[in-house]
Amino acid sequence: MVVLSQPALDHFSLIKTCTGPAPDAASAVSDIEIPEVDLAAAARGGRDDEVRRLVRACEELGFFKVVNHGVGTEMMGRVEAEAERFFKLPQSEKDTAGPPNPLGYGSKRIGPNGDIGWIEYLLLHTSPDVTSLNSLAAFRVAPNGHTFRTAVEEYVKAVKGLACEVLELMAEGLNIEPRDSLSAMLRDNKSDSLFRLNHYPPSPPELQLQLQPFLGGRSQLLGFGEHTDPQIISVLRSNDTAGLQVCLRDGTTWVSVPPDRSSFFINVGDSLQVFTNGRFRSVKHRVFADPTRSRVSMIYFGGPPLSQKIASMEGLMEEGEESLYKEFTWCEYKKSAYKSRLGEYRLGLFEKAVAGR
Ligand SMILES: C=C1C[C@]23C[C@@]1(O)CC[C@H]2[C@@]12CC[C@H](O)[C@@](C)(C(=O)O1)[C@H]2[C@@H]3C(=O)O
Ligand SMILES: O=C(O)CCC(=O)C(=O)O
Ligand SMILES: [Fe+2]
């Protein structure tokens, strides 16, 4: 008989939690096409069509794909390659860049409130004011620390530019003046934006076998449980391993997102839902790990400065329309988010009580 040591047992009970929700009739997986916005077409003269497509995608799904974006694929590849080298390091070396507080290296535990996933990650702040990007232990232990750091800095600069371009198209579609009202929050030196590198390792067959009774007929472990992103906008790019799913507005139908390493995927975040008084919806999403291939994803979370008031924007309110949300700052929302579990509907605490709703 094999007797497992206490650390091995702790490890096993931790990953047992990554089996995620059992598939049931109430949560169907559908095959709809992910909406696409073509930035080159928008620049060439098809701007109105692309803006209309983008607004519809944000209203109906809160998620879309951006193609022909002009960000170099080599630059994307460099970050991916260096991240892979970091994640291949021995566990003891990676652990010196953790535990996350919330920044740094983390493994299996997501956030401070007991959420677990089949994942390891690096979470960094992007602001030069917050020294983490420059001094983060990860870059010291990484085999190619300097190259890794430079690649991340270049990439973050490029995706921040992309996020701002997309936010300006949104402002145009919603008739918000000035057009940079949203993007200025990301461009602000005090912008509270994050960059995250996620690695979902393949699950070894012996683990798969042991977990069979807990998988409820599914063959995949839950990498990142369902949640919405609290910021304004998230720009996601992954390698060619599938796993990301987004939820339709009905709240129960999930759609698998075919991976595309040369494109970006945009999530509407909770703060953008509030800025648009609920017209754009922050999208619920989750990730299942592939049993045989590793998934590496990189996400830029564009957030406002901590002191920024998060409230419906004047320009887009119809006459007589009331704000659905109480007034709060990003700092207040962020604090509240970090007290919540991953899957909670965090905006609920900030909604105004309206009769009949
Ligand atoms: C469980 C949690 C992890 C998270 C902070 C939270 O308490 C709730 C929001 C989570 C989330 C989701 C989007 C991003 O990945 C993230 C960095 C963020 O800003 O909010 C994570 C937080 C985290 O992993 O620290
Ligand atoms: O890794 C992914 O594909 C998505 C991860 C995610 O949703 C997050 O980090 O907030
Ligand atoms: Fe997310």
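How many bridges join strand β7 to β12, and do they run parallel or antiparallel? I looked this up in what is a predicted model. Three bridges join β7, residues 222-227, to β12, and the two strands run antiparallel. I checked one pair by name: His227 stands opposite His285 in β12.

**Entry: the other partner of β12**

I turned next to β9, residues 244-247. This strand pairs with β12 in the antiparallel sense, over three bridges. Val246 has His285 as its bridge partner in β12. Gln245 has Arg286 as its bridge partner there.

I then traced the strand order. The sheet is open, has five strands and reads β1-β10-β9-β12-β7, with mixed pairing. β1 (29-30) and β7 are the edge strands, each pairing on one side only.

**Entry: side chains of β12**

Which residues of β12 point one way, and which the other? I found His285 and Val287 pointing one way, and Arg286 and Phe288 the other way. Are they buried or exposed? All are buried.

**Entry: ligand 2**

I listed the shell around ligand 2. His285 and Val287 are in it, along with Arg196, Asn198, Phe224, Asp229, Leu236, Ser238, Leu244, Ser297 and Ile299. Four strands each supply at least two of the shell residues: β6 (194-200), β8 (233-238), β12 (285-288) and β13 (295-302). By class I noted five nonpolar, four polar and two charged residues.

**Entry: ligand 1**

I repeated the search for ligand 1. There are 16 residues around this ligand, and Pro102, Gly111, Asp229, Tyr338 and Leu342 come nearest. β5 (115-125), β6 and α12 (330-339) are the elements that give two or more residues to this shell. The classes are nine nonpolar, four polar and three charged. Asp229 is on my list for ligand 1 and also on the one for ligand 2.

I ended at Pro291, in the loop between β12 and β13. Why does Pro291 count as partly exposed? I found 14 C-beta neighbours inside 10 Å, so Pro291 falls in that class; buried would need 20 or more, exposed 12 or fewer.

Which residues does Pro291 touch, leaving out those up to four places away in sequence? My list has Pro202, Ser203, Gln208, Ser219 and Gln220. I also looked up the spacing to Gln220. The C-alpha atoms of Pro291 and Gln220 are separated by 6.1 Å, although the two residues are 71 residues apart along the chain.

Technical notes: Residues are numbered from 1 along each chain as its sequence is written. Chains are lettered from A and ligands numbered from 1 in the order in which they are written. This is a predicted model: local features need pLDDT of at least 70, side-chain atom pairs count only at pLDDT 80 or more; totals for chains, interfaces and linings use all residues. A residue is near a molecule or strand if its C-beta atom, placed from the backbone, lies within 6 Å of it. Ala, Val, Leu, Ile, Met, Phe, Trp, Tyr, Cys and Pro count as nonpolar, Asp, Glu, Lys and Arg as charged, and the others, Gly among them, as polar. Two residues are in contact if their C-beta atoms, placed from the backbone, lie within 7 Å. Two strands pair if DSSP finds at least two bridges between them.
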